[in-house]
Every structure is written in C-alpha cells, then in structure tokens.
Amino acid sequence: MHTKKCQLCGGSKLVKIIDLGLHPLADTFLPKECADKPITLYPLNVLLCKSCGHAMLGYVVPPEERYQKIDYSYTASNSKVSVEHFAKMAESVGTKISLGSKDLVIDIGSNDGTLLKSFKSQFGTKVIGIEPSKNIAKIAKKNGITTINDFFNTKTAKVISKKEKAKVIIATNVFNHITDMKAFVKDISLALDKTGLFIFEVPYFKTLVEQGAFDTIYLEHVSYFNVMPFHKFFKEHALYIHSLEKNDYMGGSIRVYVSKIKPKDSSIVNEYIDEEKKYGMYDLATYADFTKRIIDFSGRLNFDLYKAKASGEKIVAIGAATKGNTLLNYCKIDSTVIEFITDSSPLKIGKFAPGSNIPIRPDSDISNEISHALILPWNIADFLVSKLSHLNLKFIIPKMK
Ligand SMILES: [Zn+2]
C-alpha cells in the first residue's frame with residue numbers, strides 16, 4: 001500500500017527523501033522450494049512529512065504478509081550479542097525502577113523469550129510475551145515464557161489488562177515495524193499501569209543517516225525514529241518522553257522511556273531535537289547528500305568484489321542478517337559473486353537470501369579455497385572477525401563510516 005498520509009500527524013505533504021529501488025521482504029529467508037520461484041518485489045523508499053518531520057516508508061507491505069506467511073528465521077537466543085544486550089537491558093531497567101515479583105513486564109515482539117527470561121531470573125517479575133510468528137512463539141513457550149501468539153493489538157491489550165496492568169511494556173526493534181501508530185499507542189495506554197513505563201528501542205534515524213547505514217532501511221522497518229515528531233505525537237496521546245539513551249545495538253539504536261506522567265524537566269528531549277535540527281534531519285539537502293553517499297559506496301563495494309572475483313578469488317559473505325539483504329539487493333550482488341552466506345542459526349542454514357538467492361550454509365563450509373569474506377552484519381564485525389580469525393580470510397566490512 002502506498003503511503004498517502006503521515007503515520008503520526010495525518011498530513012499529506014510527504015516528500016520522497018531516499019529511494020532504494022525494488023526489494024523483496026528482507027526479513028524472510030526462503031526455503032529451497034520457494035527459492036526457485038518468482039519473488040514479489042516492492043518499492044523501498046522513505047518519505048519525510050513536511051508537517052511534523054516524521055520519516056516513514058513510502059510503500060507498506062501488510063503485517064500478515066511480513067510475519068506470518070513464511071516461518072520467521074531470527075531467534076534472539078542464537079545471537080550471543082543479543083543475549084548479552086538483553087540481559088544488560090533487563091538489569092538496567094529493573095534496577096532503575098526497582099522491579100519485583102508483583103510487577104508485570106510485557107514484551108511486544110518477544111521472539112523466543114530471551115529478554116523476558118532475563119527479567120524473570122534477575123527480578124522475579126511476572127512476564128508475558130507477545131509474538132506473532134507461530135514457530136518462534138512455540139520456542140518461547142518451550143522456554144517457559146508465557147507467550148500470546150498474536151500481534152499486539154486492542155484484543156491482546158484487553159486480554160492482558162483485564163487481569164492487571166503492566167509496570168513495564170517493552171518493545172525492542174518492534175516500534176519501527178508498526179503500521180498504525182495511533183492504534184498502537186492507544187493499546188499501550190490501555191495495558192500500561194498509570195505509573196508504568198513504555199520502553200522501546202529502535203535504530204535512531206539520525207545515527208542511520210550520519211553513519212550511512214542505508215542497509216538498515218527495509219520493508220519491515222515502516223518508520224524511522226527521530227525525537228521531534230514523536231515527542232509531539234506522544235503528547236497528543238497523553239504520553240511523555242522522560243528519558244533517552246543512545247547505544248550501539250544494531251549499529252546505533254536509541255532507547256526511549258515513555259510514561260503517562262508529565263516530566264518536570266524536558267531538557268534532554270529538547271537537546272535531542274536541537275541536535276536533529278542542527279544536523280539537518282528536517283532538510284531535504286541532507287538526503288540528497290545521503291543518496292550520493294549511498295551510490296558512491298555501492299560503486300566502491302562492487303569494484304572491490306569484482307576485482308577479487310576477476311582475479312579468480314572466491315568470496316563468501318558472513319552472517320545472514322536482514323540488513324545484508326538490503327545491501328546485497330541494492331548493490332546487485334548475487335550468487336554470481338558470492339559463493340554462499342554463512343550463519344550459525346539452524347533456522348537459516350539451508351535457506352536462501354531473498355532476491356540475491358545466495359544459499360546459506362554453516363561456517364564449517366568455508367574451505368581453504370575461499371579467500372575473501374564480506375561481513376554483512378557490520379555492527380558486529382569485530383566479534384565475527386575474531387571468531388573467524390583462524391581461517392586466514394581477507395575481510396570486507398561494508399560500512400560507510
Ligand atoms: Zn506528519
């Protein structure tokens with residue numbers, strides 16, 4: 001569906017600021033029987049609302065198509081970096097607001113229950129996960145995490161709040177996947193205790209543009225978070241940003257603390273907004289420059305890969321990350337250049353990367369013949385380089401800055 005109105009303010013003055021061409025769903029790795037078939041491509045571009053400054057996708061694929069058609073392949077527990085990040089997050093949040101056994105923590109998009117497991121073990125809280133993907137929700141239940149296999153919507157919010165309201169509602173890398181923002185925050189209000197906190201973590205759009213991380217733009221990321229438009233949006237729904245913290249997760253995220261209580265001091269929010277304006281997040285010229293940087297980057301990456309390939313070298317890619325699919329498809333890198341992608345997740349091995357159709361195989365398949373490795377999840381490049389250091393590979397890290 002083409003976006004005609006701003007997700008936040010309803011304004012219709014929307015300007016295209018980034019255009020990455022046609023892409024398949026980046027988050028859906030294809031089983032063998034689908035890899036040989038035609039694949040649907042959708043326009044991948046970002047619009048900026050001239051009225052409120054919100055950045056969102058110009059074309060939105062319905063959520064049912066995004067998450068429930070083909071088994072989802074990402075489990076947080078399979079990523080060492082994610083497990084550590086979530087354990088720290090639970091510790092920091094739980095300590096900050098002194099969570100205890102009487103408190104309920106809800107995780108929206110709870111995946112296999114990794115984050116909730118940390119809350120449960122560290123603070124003894126009650127936990128409920130909400131996870132739309134059937135196969136992943138099953139894994140969470142097996143792990144002993146109460147999980148509702150559905151989207152977070154009015155129905156699920158009502159079911160939960162009938163019993164008790166949540167002290168904490170968390171959404172990590174989920175808030176930016178939401179299509180109907182207004183309905184979503186209304187449902188948050190419904191399920192949240194009057195002294196509770198809604199905490200979400202998303203990639204920060206300003207960091208994305210600064211770093212040139214265009215590969216974190218994909219069809220599953222419907223909106224791109226900046227503080228200015230959301231500060232206004234939340235206020236209109238009687239919710240208030242209390243605190244903001246930047247971190248390195250997923251290459252540059254922001255953790256946002258929202259509550260029903262009006263804060264006494266909004267200076268941190270104002271500081272962020274000032275920085276966004278200063279950097280030019282609401283100016284079209286910033287994105288014209290961003291586009292130039294993307295084109296230049298793609299040219300240089302292709303040059304390096306083809307040069308190696310032309311001299312008879314063999315190249316693999318490391319880490320079947322979602323962002324890798326935007327990178328491969330935008331830069332038109334496919335199985336003619338990359339032999340295969342390695343990954344440690346059993347849910348991904350044996351499947352194919354959407355669009356590029358590169359097969360996914362285990363790390364152990366990297367033979368002596370392979371000389372180069374393109375690291376797709378550049379945000380954890382240090383970890384992967386050290387993990388594979390014994391293989392004598394030349395690493396290519398596709399990071400702009
Ligand atoms: Zn707007």
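Before turning to the structure, one term is needed: contact here means heavy atoms within 4.5 Å. Please note also that this is a predicted model.

I begin with helix α9, which spans residues 227–236. Within helix α9, the buried residues are Val227, Pro229, Phe230, His231, Phe233 and Phe234. What covers these buried residues? The cover includes helix α7 (181–191), strand β8 (192–203), strand β9 (223–224), strands β10 and β11, and helix α10 (267–279). Just after α9 comes Ala238, whose phi is positive, at about 55 degrees.

Strands β10 and β11 lead us to the next residue. Met250 sits in the loop that joins β10 (240–247) to β11 (253–259). Its relative accessibility is 26%, so Met250 counts as partly exposed. Which residues does Met250 touch, if those up to four places away in sequence are not counted? They are Asn173 and Asn379.

I now move to the division of the chain. The protein chain is divided into domain 1, residues 76–262, and domain 2, residues 285–396. The C-alpha centres of these two domains lie 30 Å apart. In the contact between them, domain 1 contributes 18 residues and domain 2 contributes 20 residues.

How much area do the two domains bury? As general background, the size of an interface is often given as the accessible area lost when the parts come together. For domain 1 and domain 2, the area buried between them is about 1,600 Å². Of that area, 71% is on carbon and sulfur atoms. As for salt bridges between domain 1 and domain 2, the count is 0.

The next part of the presentation concerns the zinc ion. Which residues coordinate the zinc ion? The SG atoms of Cys6, Cys9, Cys49 and Cys52 do so, at 2.3 to 2.4 Å. Why is the arrangement tetrahedral? The 4 donor atoms subtend angles of 101 to 115 degrees around the zinc ion, and the arrangement is therefore tetrahedral. Along the chain, the donors follow the spacing C-x2-C-x39-C-x2-C. Cys9 lies in the segment before strand β1 (14–23), whereas Cys49 belongs to strand β2 (residues 42–49), so this pair ties together parts that are 40 residues apart in sequence.

Cys49, at 1% relative accessibility, counts as buried, because the cut-off for buried is under 20%.

Finally, I draw your attention to two asparagines with positive phi values. Asn357 has phi near 55 degrees, a positive value in a residue other than glycine. This residue is placed in the loop between β13 (338–342) and β14 (360–361). With a relative accessible area of 30%, Asn357 is partly exposed. Asn392 is likewise not a glycine, and its phi is positive, at about 60 degrees. Where is Asn392 placed? Asn392 is found in the loop between helix α13 (381–387) and strand β16 (394–396). At 70% relative accessibility, Asn392 counts as exposed, because the cut-off for exposed is over 50%.

Technical notes
Residues are numbered from 1 along each chain as its sequence is written. This is a predicted model: local features need pLDDT of at least 70, side-chain atom pairs count only at pLDDT 80 or more; totals for chains, interfaces and linings use all residues. Side-chain values use heavy atoms; hydrogens and water are left out. Donors are N, O and S atoms within 2.8 Å of the metal (3.2 Å for Na, K and Ca); water is not among the atoms, so sites may look incomplete. Four donors count as tetrahedral if all angles lie between 85 and 135 degrees; four count as square planar and six as octahedral if opposite donors are over 155 degrees apart and all others between 65 and 115; anything else is irregular. Helices (H or I, at least four residues) and strands (E, at least two) are DSSP runs, numbered from the N terminus. Buried means under 20% relative accessible area, exposed over 50%, partly exposed in between (1.4 Å probe, protein chains only). Domain bounds come from an automatic or database domain assignment. Buried area is the accessible area (1.4 Å probe) that two parts lose on being put together, summed over both. A salt bridge is a side-chain nitrogen of Lys or Arg within 4 Å of a carboxyl oxygen of Asp or Glu.
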